[in-house]
Amino acid sequence: MQIVTPPYEKMIQYGTGRLALRNQNLCFSQLLKLPSFRPRPPQRMFRKTHHRSFSYLWDVIQSGNVFASNPILKLIPERTNYNSVQRYSKPTPVDLSSMTASNLTRAASQVQKEYEEAWRILMPKLNDLGPEELLENLDQLESASLVVDNVASLCHHMHVFNDSWIRAVHQVGTDFEHEQSRELYLALLESYTKVDVGTETGRLLRKHLNQFELRGVHLDTEVREMFLNLEASKIEFESKFIIPEEVNEQDSTSSTTKEQLQSIYGMLAIRQKQAELLGYDTYVDLALDGRTISDANEIHCLHNEVAKRASLALESVENESKKIDLTSHLSLDGTLQGLFAIARALFGVVISEDENPNGWNQDVRLFHITAGDVEERWIGSFYIDAYKRSTKTRSTLMAPLTPRIVYMNINAKAPVWDDSPSPVCLEDVVAIFHEFGHVLQFILARDNSWYRPDSSSIDISEVMPQFMEHWVFEESMLQTLAHISGSATPIPDEVVTAIQKQRRNEKIEESLRRVTSFS
């Protein structure tokens, strides 16, 4: 087929950049000659792979360490006290663009060896450590392995169809082992008896003890073996309800209703038996242990009250199912700018973008959060992977990488050109505000160490995201986002009213759906 070359002047006039290679009227070698074209795979991948190999060999020669160039190991923070002033220094971004599946497996192997050696040294000193010292040692012991686990989770989300990544993530999940010894449990239990259970130290120790007890570590050998066998059976039942994202929906075989019911009742029976082995009357008592509400009757009362109010409210509104399109008014950069302005006004933090993010994809962006005082203390950083790709998860989420670095995944539609605005729909804006709420709740809570914020109840994990999500539907906020996004006209008042009405209906229906599914 003859390749027809369009005039370069016209292409440059309309801007060059994110050109889709599916355009059959333009050959790749011609694109490389354009002045501002950003090469796409395979040429870009070849050059970067060549650079990776040279960089890796040079690091090995200089350091004598075959793990020297592993970006995952460079993510692991120094195992020093997080109370140190050094934790306020903004870190140099790790080049995650060079991360490979073999990096993940090698990092897991290296960290596992270091973990086992550190545990061997710690073991004889367990009974001599005070409560604070024990927590600090556990913090340092787990920090590296937590980072590797988090990176494996990132790779699972960003490479759902890549066989090498899937195998690497699976290998980390099966080969990575954490200490669950009875000796450590007894040391934690002894420390717990020496502290005030109402203090932060007491809550942290109780959290660790709960984690051990939920794994059956405190049980006798025979009972624990029974517990672990039940756990394996439960996982087998649960796996029947999980279809991995790398499996095409039309290729997956759906279970019959009878088979699903059998699996559900099987899981319920196993959960009940495990709860009894752990000393609870029912699985409900086990699930509510440590939660804000600890009585099932209180939950039923709350559900009934929500259902009653939601039903009355639903009768007074009309059903508006038509989707409202705001892509002509909203952009990604405008949304982020407005979001960061709210964060500064409410929480006194300043958010700035790093010009060299070196993320796992060229569209990934990196932002740093600093305190809004004179010292500009670094608090944390977060990556945003904003655009939809066929190779990554369809879920919007926030997840940690390190104690102070997290990532957000959003699935907005990517623009055609690099230098053109990125229009976003209202659902994308809501997702950005919601996941950024998780970012704030995670990073701002990181005060002393990895564990301290987790001593609070899991029930509050959605408080900040829902709080931030609420701002989107304020009329002044919608108009501000439209203005910052460069919208030629403000959003019509009747459209804002319709959006707010639709939001109210959706929340009412969601509340009813949630409470009825658990009643």
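R365 counts as buried at 19% relative accessibility, because the limit for buried residues is under 20% relative accessible area. The model is predicted. D333, at 48% relative accessibility, counts as partly exposed; the range for that class ends where exposed begins, over 50%.

R365 and D333 form a salt bridge in which the closest N and O atoms are 2.9 Å apart. R365 belongs to strand β2 (residues 365–371) and D333 to helix α14 (residues 332–347), so this pair ties together parts that are 32 residues apart in sequence. Side chains of opposite charge can pair when their charged atoms come close.

The structure holds 14 salt bridges. One of them joins the side chains of E200 and R203, with an N to O distance of 2.8 Å.

Another salt bridge links K507 to E469, with 3.9 Å between the closest N and O atoms. Helix α18 (residues 493–517) contains K507 and helix α16 (residues 463–471) contains E469, so the pair ties together parts that are 38 residues apart in sequence. K507 counts as partly exposed at 26% relative accessibility, whereas E469 is buried, with a relative accessible area of 7%.

In β5 both faces are covered. On one side, I405, Y407, N409 and N411 are buried, and on the other, V406, M408, I410 and A412 are buried.

Which strands pair with β5, and in what sense? Strand β3 (residues 378–387) pairs with β5 in the parallel sense over 6 bridges. Y383 has Y407 in β5 as its bridge partner. Strand β4 (residues 397–402) pairs with β5 in the antiparallel sense over 5 bridges. T402 has I405 in β5 as its bridge partner. A hairpin of 2 residues joins β4 to β5.

## Surface patches

A patch of negative charge on the surface gathers E276, D281, D285, D289, D295 and E298. Among them, D295 is found in the loop between α12 (283–288) and α13 (296–315). D295 has a relative accessible area of 32% and is partly exposed. It can belong to the patch because membership requires over 30% relative accessible area and no salt bridge.

A nonpolar patch on the surface is formed by L261, I264, Y265 and L268, which together have about 390 Å² of accessible area. One of its members, L261, lies in helix α11 (residues 257–277). L261 counts as partly exposed, at 41% relative accessibility.

Where is H178 found? H178 is in the loop between α7 (163–175) and α8 (182–192), and is partly exposed with a relative accessible area of 26%. H178 and Y115 are 63 residues apart in sequence, while their C-alpha atoms are 8.3 Å apart in space.

Most residues other than glycine have a negative phi. N358, although not a glycine, has a positive phi of about 50 degrees. N358 lies in the loop between β1 (349–354) and β2. Its relative accessible area is 33%, and N358 is partly exposed.

Methods: Residues numbered from 1 in each chain as written. Predicted model: local features only at pLDDT ≥ 70, side-chain atom pairs only at ≥ 80, totals over all residues. Heavy atoms only, no water. Patch = residues over 30% accessible without salt bridge, like charges linked within 9 Å, V, L, I, M, F, W, Y side chains within 5 Å. Areas by Shrake-Rupley, 256 points an atom, 1.4 Å probe, with all protein chains shown as cover. Salt bridge = Lys/Arg side-chain N within 4 Å of Asp/Glu carboxyl O. Lys, Arg positive; Asp, Glu negative; His and termini not counted. Charge placed at Lys NZ, Arg CZ, Asp CG, Glu CD. Helix = DSSP H or I, 4+ residues; strand = E, 2+ residues; numbered from the N terminus. Buried < 20%, exposed > 50% of the residue type's maximum accessible area, 1.4 Å probe, protein only. Pairing = 2+ DSSP bridges.
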